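Me: I'd like to learn how to read a protein model. Can you walk me through one?

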Amino acid sequence: MAITSLSLPVPIRQRLSVAPRDFYRRDRAVELFEDGDALGGVIESLRYLLPGTTIENLNSPLCLVQGTARVHVAVTEDVLTVRAHLAALGEMPSTAALRFFLTRISGTGQLYQPRLRGDQLVLEFSDRLSLVHPLKLIELMQRIAMEADNNDQWLIEAFGVAMPDREPLLVLDADEFDRAYAIWQTHWEAVESLMVESRRRRLVRFLDALGAFAVNHMRYLLPMFGSVRQRLNDAADAFTDRDEDPSKRDAALSKCIKEMRAVGRDELRGNLGHARYAMSPLHEGTPSLLTSMLGSGNRMQATGDLRASGRALEAALELVSDFVYLLAHHTWSAPIETALRQALDAASDKPWRESSDTLWAHANQISRTFGSHGEGEGEEPPPSEHDVAYQATVNHQPPLSGALSARSGDRS
């Protein structure tokens, strides 16, 4: 039976109440460094990264909780060390674990590298203060925290290593988990039904929107950790890669759907939990991003052409995918977040045409009210690499005729 609507429930993942960063502090840190006060530049950089946190000095080590990771910052004899413990390998280190750490986490040109300290495997950066430029430190702190958090308790399941210096999660209560499990099942049932539609239409554009929705909706709704999150992220790297052959992306998404639908209650329960973050893991949303995704540009014009030609399902899926992405990967002021959420609430469980019309109207209203209009705008930070990469990945092209690929062949 063909799918007639999408369920867009309220998220269980707790939204982050993080104060916006003060870009003056970032500029001040650079000034201090260039004036020869390297330690002052480090402290001001940390104040920029941790808005609302009082940091007077680094006489004692600083520990930052980032999801399941703990990031330690210390200054000893004019040497700055940033370290995040990953695992304790024990007396008999796992060959598979070492291979993973050396091939997947280490890399030429990285600011940090995995190091073995006794039996502790850590991500570490160490250098003289005089060589630590504030912009370098800001990038380092964000990347090492993200890397350490991404490699959490799933390492225990994969390699049997111990993780003594990790932050415990706050487990979901019974009601939250019942809702989470229902959301999980409903989502992947819907994605599987949309996969049938994707293969019937055989359009790369539809596959783009479906892949983005499949992964970002779960990132938005559920506080995922562990092996389930890792498997979903690994699969998403394949089925959202527009440089890959569409037939391979189709196969990767199909395989991911089967794996995710096979996840049972107990396994899912062990991979969900609320966490604390010293640094926001999300990007700060900007008016220019709202305009580029929801404004009257080529992107929305292409979606409007779908609505005008009666292809309501495709238009609705593209709009839902964009709204979910904005909420899953960015922090917003309360009025903007409320407006984005209201759009999804209004479209949830509605027929495709009504859903696309509703989201279209909300998108135009949000862009006019909160978007960047070129005049009277305050200074905004430049788009992040993540925003640029996403927009390059899911930028909707005019509909493609024919099969996903000339080499894809027939599908059952």
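This is a predicted model: local features need pLDDT of at least 70, side-chain atom pairs count only at pLDDT 80 or more; totals for chains, interfaces and linings use all residues.

Me: How many helices and strands does the protein chain have?

Reply: Helices (H or I, at least four residues) and strands (E, at least two) are DSSP runs, numbered from the N terminus. Here you get 16 helices and seven strands.

Me: What percentage of the 412 residues is buried?

Reply: Buried means under 20% relative accessible area, exposed over 50%, and partly exposed in between (1.4 Å probe, protein chains only). In this protein chain, buried residues make up 50% of the 412.

Me: What span should helix α1 have, and how far apart are its end C-alpha atoms?

Reply: The expected span is 1.5 Å times one less than the number of residues. Helix α1 covers residues 23–34, so its 12 residues should span 16 Å; the end C-alpha atoms sit 17 Å apart, which agrees.

Me: Why can one face of a helix be lined by particular residues?

Reply: An α-helix has 3.6 residues a turn, so residues three or four places apart point the same way. In α1, the buried residues are A29, V30, L32 and F33. Looking down the axis of α1, they fall within an arc of 160° (taken from the directions from the helix axis to the C-beta atoms), so they line one face.

Me: What covers the buried residues of α1, and which exposed residues are on the face turned away?

Reply: Go by contact, meaning heavy atoms within 4.5 Å. The cover includes α2 (38–49) and α4 (134–150). On the face turned away from the buried side, you'll find the exposed residues Y24 and E34.

Me: What caps the N-terminal end of α1?

Reply: D22 does: one of its side-chain oxygens lies 3.0 Å from the backbone nitrogen of Y24. Just after α1, G36 takes a positive phi of about 95°.

Me: Is R249 buried or exposed?

Reply: R249 is found in helix α9 (residues 246–261), and it counts as buried because its relative accessibility is 2%. Leaving out residues up to four places away in sequence, R249 touches several others, including V204, D208, F239 and E244.

Me: And D27, buried or partly exposed?

Reply: D27, in helix α1, counts as partly exposed, because its relative accessibility is 36%.

Notes
Residues are numbered from 1 along each chain as its sequence is written. Side-chain values use heavy atoms; hydrogens and water are left out. A polar contact is a pair of N or O atoms within 3.5 Å; within protein, one must be able to donate a hydrogen and the other to accept it, and residues adjacent in sequence count only if both atoms are side-chain atoms.
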